[in-house]
Amino acid sequence: MEKKVLIWEPWFFMAFGLFHLHRIWGVIDRDSYAGFWMGILGSKGPFYFTLMGVLAGLCVLGIFTFTKCRGNNYWWRWIYLFGGAYVLFDLYAIASGLEFWNKLLLWMFDVDSIYWNAVWLFFVLLGGFSFLLGMKLLKQRKG
């Protein structure tokens, strides 16, 4: 199998990046950001299940791509394996209500935490990296 960037891969990373970049909102307005996400996680309504389904589907697609291209992967495809496994665990932990994960989420969304900016700026930086990687892959694919 030839080493190539698949048509959907740049868009995967750019979408993932944009999703994480929305966390700038959390740095700007802690209360509304925490309220919004805690409301989504608590209500488990249609938006929650749609988001969880899309994220799980993308993780499975990424892990499948990694294993399909085994032995001929770019360095960044390891993100599919490790990031996908993490997100699938995260989704499972949230859906099943694992106590220690719930405590972690409560800590992450504690608007009075001195770590608030560090936590959410990390995700913003991750999003920026991912988006730029997607742009680079799009350029590589077209070139």
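Of the 143 residues in the protein chain, 36% are buried, where buried means under 20% relative accessible area, exposed means over 50% and partly exposed lies in between (1.4 Å probe, protein chains only). The model is a predicted one, in which local features need pLDDT of at least 70 and side-chain atom pairs count only at pLDDT 80 or more, while totals for chains, interfaces and linings use all residues. Residues are numbered from 1 along each chain as its sequence is written, and side-chain values use heavy atoms, with hydrogens and water left out.

The protein chain contains seven helices and zero strands, these elements being DSSP runs numbered from the N terminus (helices: H or I, at least four residues; strands: E, at least two). Among contacts in the chain with a separation of 6 or more, 69% join residues 24 or more positions apart, a contact being a pair of heavy atoms within 4.5 Å.

The largest nonpolar core has 21 residues, of which Leu 41, Leu 105, Met 108, Phe 109 and Trp 120 touch the most other members; such a core is a set of buried Ala, Val, Leu, Ile, Met, Phe, Trp, Tyr and Cys residues joined through side-chain atoms within 4.5 Å. At least two residues of this core come from each of the helices H3 (30-43), H4 (46-68), H5 (78-96), H6 (99-108) and H7 (116-142), and H3 gives the most, with five residues. Leu 41 touches Tyr 48, Met 52, Ile 94, Leu 105 and Phe 109, when residues up to four places away in sequence are not counted. A second, separate core of nine residues includes Phe 12, Trp 76, Leu 133 and Leu 137.

In H6, the buried residues are Trp 101, Leu 105 and Met 108. Because these residues cover an arc of only 60° around the axis, they lie on the same side of H6, the arc being that of the directions from the helix axis to the C-beta atoms. An α-helix has 3.6 residues a turn, so residues three or four places apart point the same way. The buried residues of H6 pack against H3, H5 and H7, whereas Glu 99, Phe 100 and Lys 103, on the other side of H6, are exposed.
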